[in-house]
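Student: I have a structure open and would like to talk it through with you. Could we start with how far to trust it and then go through the parts?

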Amino acid sequence: MTADRDAILQAVSSAVLAVTRHLSVREVLQVIVRSAQRLLDARYAALGVPDEDGSFAEFVAEGITDKQWDAIGPLPRQHGMLGAMLREGDPVRLPDLRKDPRFEWWPKAHPVMKDFLGVPIRDGEQVLGIIFLANKRKLGGFTQADQDLLTLFAAHAAIALANARLYERGRELAMLEERNRVARELHDAVTQKLFSLRLTAQAAGAMLESAPDQAAVELERVQRLAGEALAELRAVIVELRPAELDRHGLAETLRKHVRMLDRLHPSVVAFDCAELPPLDSAVEVAVLRVAQEALHNALRHSGAAQVRVRLSYEDGKLALTVSDDGSGFEQVDSRGLGLVSMRDRAEAVGGVMTVESARGQGTTVRVEVGV
């Protein structure tokens, strides 16, 4: 039992470590599954988190290749044994899954599974998901001791999963609060000034013929108000520099942003970065904003299954590339995808932006800036 206890502590440690590194829920799930597979020496392991539409919001597995997943098809729905476990909330241990009346069917490409052990992951009375193992490598199948070990492990996994979800929710709330703060700043610092500017301009226009001298005074006031509005707007824009850029720099800030989007969207969003030199503050802000806009376009408009972001440095130039395998488009300049503002941001720091896209061929946005 000492060896079993040590294995449990090591597996739980891996899951908790994933949370402390601020990884996504999906990454935490993968750590849990991999740890359970090693802990009980199973050929196959999986963990499913149900959604509200009769399918699974997340489903991760070990022991199945990417090629097999492609052949199996979409994520499973809550039918058969998986659905029964979600409804009943009890552990299930079987010598042959296929002989149980709750078993229904597998997709044609699904691997054959025989001995089976499944345990719910609970948060109080709520079933967060189910973790199951199949085909124990040691002859004889899963034992009662295996079930006890997996049940104990699932209790720790529930804590890790709940903490990961709380972390993600906290980040989402922080982002919402930041948006609200910026909206208040824009209203208080700029909007009222622009309102006064408009009224003064209207008054000057009305006086041009009847009181030109007074109109000239009002026009001077218009110029002053316009200058003040511009200065305050610039101050707000300076504050829009993400605080994480100061703490972590461009690469890590963008990496965290990509991780968040990967959690929130069905598309796979990946990030790759080469070693970068120290960057000018304005370059970091411009490249980050272009990347965010390009990611927004890809995730909201392209229908892409995969979106890839890459930062590289070569021959004195920083390069950002955001590519997707989505629907693409033909007339780049005619689409309202924020391309003009993205190009303006790039050019403002001496960069060049190019967009390559074709109908059905995806889109690639690339920015190069001399640093």
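Student: What pLDDT does the chain average?

Tutor: This is a predicted model, and the chain averages a pLDDT of 80, with 80% of the residues scoring at least 70.

Student: And where does pLDDT stay under 50?

Tutor: That is the case over residues 332-336, for which the model has five contacts beyond four places in sequence.

Student: OK, on to the sheet. In what order do the five strands come?

Tutor: The order is β2-β1-β5-β4-β3, in an open sheet with antiparallel pairing. The strands at the edges are β2, residues 56-62, and β3, residues 92-94, each of which pairs on one side only. From one strand to the next, the twist averages 15°.

Student: How many bridges join β1 to β2?

Tutor: Six bridges join them, with β1 covering residues 42-50 and the two strands running antiparallel. As one example of the pairing, Ala46 has Ala61 in β2 as its bridge partner. The hairpin that these two strands make has five residues between the strands, and there Gly54 takes a positive phi near 85°.

Student: Is β2 mostly covered or mostly open, edge strand that it is?

Tutor: Mostly covered, since six of the seven residues of β2 are buried. Helix α2, residues 25-40, packs on the sheet and touches β2 together with β1, β4 and β5, and the direction of α2 makes about 40° with that of β2.

Student: Which strands does α4 lie across?

Tutor: Helix α4, residues 80-88, lies across β1, β2, β3, β4 and β5, and runs at about 40° to β4.

Student: Why call α4 largely enclosed?

Tutor: Because seven of its nine residues are buried, α4 is largely enclosed by the rest of the structure. The buried ones are Gly80, Met81, Leu82, Gly83, Ala84, Met85 and Leu86, and what covers them includes β1, β2, β3, β4 and β5. After α4 comes Gly89, which has a positive phi near 70°.

Student: Switching to Asp96, is that residue buried or exposed?

Tutor: Asp96 has a relative accessible area of 10%, which is under the 20% cut-off, so it counts as buried. Asp96 is found in the loop between β3 and β4, and its side chain is joined to that of Arg98 by a polar contact of 3.1 Å.

Student: Now the packing. How many residues are in the largest nonpolar core?

Tutor: There are 34, and those with the most contacts inside this core are Leu254, Leu320 and Met353. The elements giving two or more residues to the core include the helices α7 (243-264), α8 (281-301) and α9 (339-348), and the strands β6 (268-273) and β7 (306-314). Of the contributors, α8 gives the most, with nine residues.

Student: What is Leu254 in contact with, leaving aside neighbours within four places in sequence?

Tutor: With those set aside, Leu254 is in contact with Phe271, Leu288, Ala291, Val309, Leu311 and Leu320.

Student: And which residues does the second core include?

Tutor: The second core, which is separate and has 29 residues, includes Leu29, Val49, Leu150 and Ala158. As a general background point, nonpolar side chains tend to be buried together in soluble globular proteins.

Key. Residues numbered from 1 in each chain as written. Heavy atoms only, no water. Pairing = 2+ DSSP bridges. Helix = DSSP H or I, 4+ residues; strand = E, 2+ residues; numbered from the N terminus. Axes fitted to C-alpha atoms, helices over the stretch in contact; angles between N-to-C directions. Contact = heavy atoms within 4.5 Å. Buried < 20%, exposed > 50% of the residue type's maximum accessible area, 1.4 Å probe, protein only. Core = buried A, V, L, I, M, F, W, Y, C linked by side-chain atoms within 4.5 Å. pLDDT = per-residue confidence, 0-100. Polar contact = N/O pair within 3.5 Å; in protein donor to acceptor, adjacent residues only side chain to side chain.
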